[in-house]
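Open the model in your viewer and keep the selection tool at hand. The tour below goes from one selection to the next and says what is there.

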Amino acid sequence: MRALRVPLLVLLFAAATTLLVWSVRGQAGTPVSLVVTGGTVVTMNAAGDVISDGAVAIDHDKIVDVGPAADLAAKYQPTDRLDVRGQVILPGLINGHTHAPMVLYRGLADDLALMDWLQHYIFPAEAKTVSPDFVRVGTRLAALEMIESGTTTFADMYYFEDDVAEVTKEAGLRGVLGQSVIQFPVADAKTPADALVRAEAFIKKWKGDPLITPAIAPHAPYTVDADTLKAVRKLADQYGVPVLIHLAETRDEVKTIDEQHHMSPTQFLDSLGFWNGRALAAHGIWLDDADMKTLAKRGVGVVHNPESNMKLASGIAAVPKWIAAGMKAGLGTDGAASSNDLDMFEAMRVAALLQKVATMDPRALPARQALELATRRGADALGMSADIGSLEPGKQADVITVSMDDARQTPMYDAISHLVYVSHGDDVRNTIVAGKFLMRDHQVLTLNKADVLRDARAMASRVRAAVQPAPPAKEKQ
Ligand SMILES: [Zn+2]
């Protein structure tokens, strides 16, 4: 008996210690870096869960838990806590197509025919003003606008994309950034071969970065020849990076490619093997059923840009048909030269309204689907659904909160309806990327707003000097 007494005491002591540790842990909870709590959580997970009085627990760059606020309060001990009562917590928005530095051409020339606008304003402005400095100043302004309006990831196509990447990283945003390749001489390349050399160096520098996904962006099937398009695909495959392109944006494009190759732009690119790998295409307005089938089969992400398409009178993309065909669909603003701002809330609202009037069916593109285009579907279109697009444990902590306590948002029966039909970018209060605050209580933390605006205004005077304003419209006699 004596021999057993000691081990028994040891066992009792061990059990008591374990209980003590458990109870201390129970009070303190698992340590995490941040809990965002008290708001309505719109998870955008596959089940479509919405949790009123919910919370999101974040540790470093990842989401560790999503659930009722009371449950998470009992489970976690956060270093930092953000109380967002009266707000909606949702995944950061994904702008699937833009040209960030073009914010510096915002409102430079509006209400013009596409070719007049491009040839007399945008191309001359770009020829005279685009430089690494211009790109940095423009991207900083775009990043400020995106952070303030809840965009956490954007896909970009421009020149000097390395400078776009440097600024994106500094601002703390996530970017799929495509170095442009185009047939004619541009600011950062005299030939497409130069552009490919630049693209390769860009990819080598940024591959593996946690925020930046380098990509190659041949402008369009009518501005880049077949050999260059094939070389782009080869280079992308060599490094396992995506390609970004404009596709079927105008009827003229379809006509040109048909005259040259007797195929649609989609089939022409398919014939080159261009879609055999990760690809993201912008616009897709003039697609036929066979094109949609091909894009679905090849897993190409196609991004709808309703405001740019309306303003340039390019046409209306059949987004409900894309979705029915199984295509990976996203949503974008396009550059601010053609859509004037980078507000993804406006893009969602316009996308939903446009489909209703285009199809004469108010059930077309309901609010939830519009929100999906800017979140989980958009992530899938970018090939990033494992990491972003919804609030789920294991994903990157890209989280925004949106105020819902003003007159305009009262009452709130349905958070998703409000996000699409009522909210503006200005309603965003907090923007978090990879667990880091880029904006907290409406204060942008990663950029100095006054400096960004001052530099942009200074650059605008150079743009103004390069391009004369359109003559005033003649009055009718
Ligand atoms: Zn574009």
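Start with helix H5, residues 161-171. Its buried residues are Glu161, Asp163, Val164, Ala165, Val167, Thr168 and Ala171. Keep in mind throughout that this is a predicted model.

Now show what covers those residues. The cover over the buried residues of H5 includes helices H4 (132-148) and H6, together with strands E7 (151-158), E8 (174-181), E9 (212-218) and E16 (436-440).

Next, look at both ends of H5. Just after the helix, select Gly172, where phi is positive, about 90°. Most residues other than glycine have a negative phi. Is Phe160 buried or exposed? Phe160 has a relative accessible area of 8%, under the 20% cut-off, so Phe160 is buried.

For another positive phi, select His262, where the angle is near 55°. This residue sits in the loop between helix H8 (251-261) and helix H9 (265-271). His262 has 64% relative accessibility and therefore counts as exposed, the cut-off being over 50%.

Go on to helices H6 (residues 192-206) and H7 (residues 226-239). Their axes are 11 Å apart and the packing angle is about 15°. Angles under 35 degrees count as roughly parallel, so H6 and H7 are roughly parallel to each other. To see the contact, show Pro192, Leu196, Ala199, Glu200, Ile203 and Lys204 of H6 against Thr228, Ala231, Val232, Leu235, Gln238 and Tyr239 of H7.

Now select the zinc ion. Which residues are its protein donors? They are His97, His99 and His246, each through NE2, and Asp334 through OD, at 2.1 to 2.4 Å from the ion. Along the chain, the donors follow the spacing H-x1-H-x146-H-x87-D. His97 and His99 are both buried. The angles subtended by the four donor atoms run from 85 to 175°, and the arrangement is therefore irregular.

Then select His60, in the loop between strand E2 (50-59) and strand E3 (62-68). His60 counts as exposed because its relative accessibility is 58%. Apart from neighbours within four places in sequence, His60 contacts Ser33, Ala434 and Gly435.

The last stop is Pro411, in the loop between strand E14 (399-403) and helix H17 (415-421). The peptide bond joining Thr410 and Pro411 is cis, with omega about -5°. Most peptide bonds are trans.

Note on methods
Residues are numbered from 1 along each chain as its sequence is written. This is a predicted model: local features need pLDDT of at least 70, side-chain atom pairs count only at pLDDT 80 or more; totals for chains, interfaces and linings use all residues. Side-chain values use heavy atoms; hydrogens and water are left out. Donors are N, O and S atoms within 2.8 Å of the metal (3.2 Å for Na, K and Ca); water is not among the atoms, so sites may look incomplete. Four donors count as tetrahedral if all angles lie between 85 and 135 degrees; four count as square planar and six as octahedral if opposite donors are over 155 degrees apart and all others between 65 and 115; anything else is irregular. Buried means under 20% relative accessible area, exposed over 50%, partly exposed in between (1.4 Å probe, protein chains only). Axes are lines fitted to C-alpha atoms, for helices over the stretch in contact, and angles run from 0 to 180 degrees between N-to-C directions. Helices (H or I, at least four residues) and strands (E, at least two) are DSSP runs, numbered from the N terminus. Angles under 35 degrees count as roughly parallel, over 145 as roughly antiparallel, 65 to 115 as roughly perpendicular and the rest as oblique. Contact means heavy atoms within 4.5 Å.
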